[in-house]
Each structure stands twice: as structure tokens, then as C-alpha cells.
Amino acid sequence: DYKLKLALPYGDAVSELLVETLLSGVGLDLPEFLAKTREQTVPLSLKFSLNDQLLLPVLLNYDNKLKAAIQLDTKQKTIYSGHVLVGTGEVAQTEDTGLKLEINRDRLALQDWLGLALAHGAGDGIRELKLHSDHALWKKTDIGLLDLSLKHNDSNWTGVIASPLAK
């Protein structure tokens, strides 16, 4: 079931289309707490700001566990820019091209995310990566605090890591 809400413009406001669903009957094979079976219901909302611009702003909220603020290039039919957040925090639209991926979780199973990152083309378009976990896990071993911040410049990644393992 889907619920649609169309807000028509008034004054300087733009039209907005809100799509909400509980994803009934849809299974998602995702890392740890984002995964769901076909039997489970999990709320998903998509908000489209409808305008006559080249870039279409979209906000996504998947059970307050995954949030995204993305701008779609309507001419190229690609993602122009975006901020994707897994865990706690807020997202914001950005004008910089490419994606910023941020994972902020108290407990973070690194092997699950590494497997996803190694999937064909999974990192295409990512310009910035931030990881924070008070309890990063490798398999079942708690390796403690992990703070990682990386930026992609041309063909290189540069950044900072803070972790007891990085000493």
C-alpha cells in the first residue's frame, strides 16, 4: 500500500509530492539492521520537490535508520549530488557533485559494509566517506572506537582515521 500527498504551490513555495509506504511484501537484503523480510513492515517516505529546474531534490527516510537528500539530474537521468546517512543524524541537500556517504552507528559490523562496498560499482560517484562507531565490530570482536573521514580528490583518497587499532 502507498499513500500519496501532493502539496500545490502557494506564493514562493514549490509543489511537493510525498510518497509513503510500509514496504509490505518487499524483502531487502541489506547489512545488519537495514535488512527486512517480505513479512516485516518498515516505513519508507520519499519527498519530491517538484520544480521546473534541471535538478530534482528528493528526500528519503527509511525507518529513521537511513536518510538521504539527493538531487537528480533530470536531463542526464543520474544522481547529481547527495548526502546519504546510515544511523543517527540529519542529511542536507548539497550543491557539490557526487555523493557523501556517512555511517554513524553505536555498533557497526564492518565486514557487512565491506562486502557491500566491494560489490561491482558500489562506490561509483562517492566523493566523501565518513564512518563513526563507538563499537566497531570485526566479525564478533569489538575493536572499539572508529572515526574515519575520507575525501576523493581526482584519483586519490585522503583522510584521517582515529582508532585504537590505528596507533
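**Close-up views of a predicted model**

Lys 47 has 30% relative accessibility, so this residue counts as partly exposed. The views below come from a predicted model.

**View 1. Lys 47 pairs with Glu 16 in a salt bridge.** The closest N and O atoms are 3.8 Å apart. Lys 47 sits in strand E3 and Glu 16 in strand E2, and the pair links parts of the chain 31 residues apart. Glu 16 is partly exposed, at 28% relative accessible area.

**View 2. Glu 20 meets Lys 3 in a salt bridge.** The N to O distance is 3.4 Å. Glu 20 belongs to strand E2 (residues 15–21), Lys 3 to strand E1 (residues 2–7). They are 17 residues apart. Lys 3 counts as exposed because its relative accessibility is 53%. Glu 20, at 29%, counts as partly exposed.

**View 3. Asp 142 forms a salt bridge with Arg 107.** Their closest N and O atoms lie 3.9 Å apart. Asp 142 is in strand E10 (residues 141–153) and Arg 107 in strand E8 (residues 107–109), so the pair ties together parts 35 residues apart in sequence. Arg 107 is partly exposed, at 41%.

**View 4. Glu 102 is buried and has no salt bridge.** This residue lies in strand E7 (residues 98–104). The nearest side chain of opposite charge, Lys 100, is 4.1 Å away. The side chain of Glu 102 makes a polar contact with that of His 83, at 2.8 Å. Contacts of Glu 102 beyond four places in sequence include Val 84, Leu 85 and Lys 130.

**View 5. Leu 6, Leu 8 and Leu 50 form a nonpolar surface patch.** Together they have about 300 Å² of accessible area. Leu 50 is in strand E3 (residues 44–50).

Key
Residues are numbered from 1 along each chain as its sequence is written. This is a predicted model: local features need pLDDT of at least 70, side-chain atom pairs count only at pLDDT 80 or more; totals for chains, interfaces and linings use all residues. Side-chain values use heavy atoms; hydrogens and water are left out. Helices (H or I, at least four residues) and strands (E, at least two) are DSSP runs, numbered from the N terminus. Buried means under 20% relative accessible area, exposed over 50%, partly exposed in between (1.4 Å probe, protein chains only). Lys and Arg count as positive and Asp and Glu as negative; His and the chain ends are not counted. A salt bridge is a side-chain nitrogen of Lys or Arg within 4 Å of a carboxyl oxygen of Asp or Glu. A polar contact is a pair of N or O atoms within 3.5 Å; within protein, one must be able to donate a hydrogen and the other to accept it, and residues adjacent in sequence count only if both atoms are side-chain atoms. Contact means heavy atoms within 4.5 Å. Patches are made of residues with over 30% relative accessible area and no salt bridge: like charges are joined within 9 Å, nonpolar side chains (Val, Leu, Ile, Met, Phe, Trp, Tyr) within 5 Å. Accessible areas come from the Shrake-Rupley method with a 1.4 Å probe; for residues, only the protein chains shown count as cover.
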